[in-house]
Amino acid sequence: MIDINNDLAPNRSVTKDDVTLIYSNDTLLGINIFNVSSVIKFKSEGRIILPPDTLIDYINDKCSSFNIEKLDYVKETGFKVGKILEVEEHPESIKLHLLKVDIGSEVLDIVCGAINVKENMKVVVATIGTVMMDGTVIKKGELLGEVSYGMCCSPKELGLNIEYPAHHLLEIEEDIEVGKDFFSLQEK
């Protein structure tokens with residue numbers, strides 16, 4: 001399933017062969033292509049975070065039969081390596097923290113409820129527009145009057161199957177440059 005626009009509710013679909021287009025009136029919301037794994041072999045199961053060029057080629061070939069604009073070749077996921085510069089307690093909550101997080105291109109204000117936040121900690125940040133593993137899209141939000149421009153992530157939120165304490169952010173201990181795409185580092 002390729003999510004193109006999740007701000008509208010679907011009200012119709014068009015199916016041709018193994019492709020279904022999902023619309024809200026005349027606005028394309030998504031594309032579902034069935035049986036892709038019979039044509040392209042994948043190393044993993046489930047959601048594909050950083051699709052290989054061969055998959056984009058295949059999708060673009062299918063889209064051309066519907067006269068749909070081709071997809072761009074994705075080299076970044078929106079999950080950035082960030083460094084927490086400042087931690088303040090939220091004035092209206094005993095569990096939330098106000099963070100200033102450097103993601104290389106900018107410093108973001110993020111509201112976070114994780115237990116293990118600390119200054120100079122490297123974390124994974126889901127930036128605005130990033131699609132999470134459960135399909136949620138990260139948007140500018142507000143928690144108890146404080147604006148948040150992204151989300152610092154736990155291993156569970158990243159879809160990583162590792163043992164880690166609950167309510168803890170994934171701490172990146174390697175010497176990885178701030179601003180790098182987290183999942184593109186995993187591909188190597």
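Leaving aside neighbours within four places in sequence, which residues is I68 in contact with?

A: This is a predicted model, in which local features require pLDDT of at least 70 and side-chain atom pairs count only at pLDDT 80 or more, while totals for chains, interfaces and linings use all residues. Numbering starts from 1 along each chain as its sequence is written, and side-chain values use heavy atoms, with hydrogens and water left out.

With neighbours within four places in sequence set aside, I68 is in contact with L21, L28, I31 and C63. Contact here means heavy atoms within 4.5 Å.

I68 belongs to the largest nonpolar core, which has 15 residues; L21, I31, I33 and I68 touch the most other members. Such a core is a set of buried Ala, Val, Leu, Ile, Met, Phe, Trp, Tyr and Cys residues joined through side-chain atoms within 4.5 Å. Buried means under 20% relative accessible area and exposed over 50%, with partly exposed in between, using a 1.4 Å probe and protein chains only. Two or more residues of this core come from each of β3 (19–24), β4 (27–33) and α1 (53–64). Of the elements, α1 contributes the most, with 4 residues. Apart from this core lies another, of 14 residues, including V123, V125, C152 and L169. In soluble globular proteins, nonpolar side chains tend to be buried together.

The element names follow DSSP runs numbered from the N terminus: helices are H or I runs of at least four residues, and strands are E runs of at least two. Two strands pair if DSSP finds at least two bridges between them.

The hairpin of β2 and β3 has 2 residues between the strands. D17 sits in the loop between them and has a positive phi of about 55 degrees although it is not a glycine. Its relative accessibility is 71%, so D17 counts as exposed.

H167 is another non-glycine residue with a positive phi, of about 60 degrees. This residue is found in the loop between β11 and α2 (182–186). H167 is exposed because its relative accessible area is 62%.

Elsewhere in the model, 5 strands form an open sheet in the order β7-β6-β5-β8-β11, with antiparallel pairing. At its edges are β7 and β11 (151–152), each pairing on one side only. Strands of a sheet pair through backbone hydrogen bonds, either parallel or antiparallel.

Starting from β5 (residues 79–89), 6 bridges join this strand to β6 (residues 97–102), and the two run antiparallel. There, E88 has L98 of β6 as its bridge partner. β5 is also joined to β8 (residues 122–126), by 5 bridges and again antiparallel; V81 has V124 of β8 as its partner. The hairpin of β6 and β7 has 4 residues between the strands, among which G104 takes a positive phi near 95 degrees.

S148 lies in strand β10 (residues 146–148). At 7% relative accessibility, S148 counts as buried. Not counting residues up to four places away in sequence, S148 touches D109, I110, V111, K139, K140 and G141. A polar atom of the S148 side chain lies 3.1 Å from the backbone oxygen of G150.

For the protein as a whole, the secondary structure comes to 2 helices and 11 strands. Along the sequence these follow the pattern β-β-β-β-α-β-β-β-β-β-β-β-α. The C-alpha atoms fill a box of roughly 55 × 35 × 30 Å, taken along the principal axes. Of the 188 residues, 40% count as buried. Among contacts between residues at least 6 apart in sequence, 52% join residues at least 24 apart. The accessible surface comes to about 11500 Å², of which 48% belongs to carbon and sulfur atoms. Accessible areas come from the Shrake-Rupley method with a 1.4 Å probe, and for residues only the protein chains shown count as cover.

Methods
Polar contact = N/O pair within 3.5 Å; in protein donor to acceptor, adjacent residues only side chain to side chain.
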